[in-house]
Amino acid sequence: MYALKLIPATKDYIWGGENLKKYWNKQSEKDVIAESWELSCHKDGESIIANGEFKGKTLSEVLDKNPQMKGKNALKFQFFPILIKLIDAKTNLSIQVHPSDEYALKNEGQFGKSEMWYIVDAIPGGGVYCGFKEAYSIQEVEKALRENRILDVLNFIEVKKGDCIYIPAGTVHAICGGLLICEVQQNSSLTYRLYDYDRVDKNGNKRELHIDKSLKVIDSKRVCKVNEEVKVIDKNKKLLASCKYFTTTQIKTDGTLKVDIDENSFASITVVEGEGEVIVDGNKETLKLGDTCFIPAGSNYTLNGKLTIIEARV
């Protein structure tokens, strides 16, 4: 076993910036990289393995042939349960909401989405919209939407580097410009847009809105807080968020740190600060800013160096 270093798929959405290409060593023919899909088995953009025995193969191809590498918890799902991204928001993302599994499976034939944001960097005063200023009725939310004043009722949260926000399905949200985020989410691309600032794409067309669908899935009473799920584990680790699909942990080390993995889940590690190396079964891989590795279930790993990583498990 070894740490499978991943080559991400990249997306050049209209709100994206240049930071991931300039400073995070992400490769693209386009100048803009809005999202880097670091760990992905999703058909819209799969991760490719960069090293070792499986070099050149997609992660999903390797896991299909070696399912034990996922761990017992992931095997309970009919498809790989999580997707991990780096997001560079130069301007605001649309105001959006994701449905629950129950609604999405019944009406869309796919799963819904809960997600977590770890703030890697933020401009002064930068923030996110997440939930509402107070608990509203769905009729009040609809009225605000129809009158084009949805921003007036949303909760704007100013954030800083190291903050974390958990966004369960049904939560209205948007990342605003000037943020770099590590996102861990359900493996789904199902999104309903409520508002998009009347922007147009390169062809002069406005992006589609999904107001009627959104109103069926919005949790109009959801009021979010920054770091509301965060718990200190020990001097090196903080639990950031945990749900049915993922558990995310911030791990910091300045030296050597051994991390145990049992047979229940793989571990994904994404470097959000510093550099060093990861060792699995005696096999060393260098780690630099933005690198993501998949570490198979049952394979303990050791970190060397001055590093901050976001670890995800199922």
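**An aromatic pair and the spaces in the fold**

Modeller: Tyr245 is buried, with a relative accessible area of 7% (buried means under 20%, with a 1.4 Å probe and protein chains only). This is a predicted model, in which local features need pLDDT of at least 70 and side-chain atom pairs count only at pLDDT 80 or more, while totals for chains, interfaces and linings use all residues. Residues are numbered from 1 along each chain as its sequence is written, and side-chain values use heavy atoms, with hydrogens and water left out.

Aromatic rings of Phe, Tyr and Trp (its six-membered ring) pair if their centres lie within 6.5 Å, and are stacked with planes under 30 degrees apart, edge-to-face over 60 and tilted otherwise; by this rule there are nine aromatic pairs. Phe77 and Tyr245 form a tilted pair, because their ring centres lie 5.3 Å apart and their planes meet at 35°. This pair links distant parts of the chain, since Phe77 belongs to the loop between α2 (59-65) and β5 (82-89), whereas Tyr245, 168 residues apart from it, belongs to the loop between β15 (237-242) and β16 (247-259) (helices, H or I, of at least four residues and strands, E, of at least two are DSSP runs numbered from the N terminus). Elsewhere, Phe80, Phe266 and Phe294 form one aromatic cluster.

At least two lining residues of the largest pocket come from each of β3 (35-39), β5, β7 (115-122), β11 (173-175) and β12 (179-186), with β11 supplying the largest share, three residues. On a 1 Å grid over the protein atoms alone, a pocket is an open set of points with protein on both sides within 12 Å along at least five of seven lines, a cavity is a set where a 1.4 Å probe fits but cannot get out, and lining residues have an atom within 4 Å of a point.

The structure also holds one cavity of 30 Å³ or more, and the largest cavity contains about 40 Å³ of space. The residues that line the largest cavity are Tyr118, Ile119, Val120, Lys161, Val272, Glu273 and Thr308. Both β7 and β17 (267-280) supply at least two residues of this cavity lining, and β7 gives the most, with three residues.

Key
Buried means under 20% relative accessible area, exposed over 50%, partly exposed in between (1.4 Å probe, protein chains only). Grid points are joined across faces, edges and corners, and a volume is the space filled by probe spheres set on the points.
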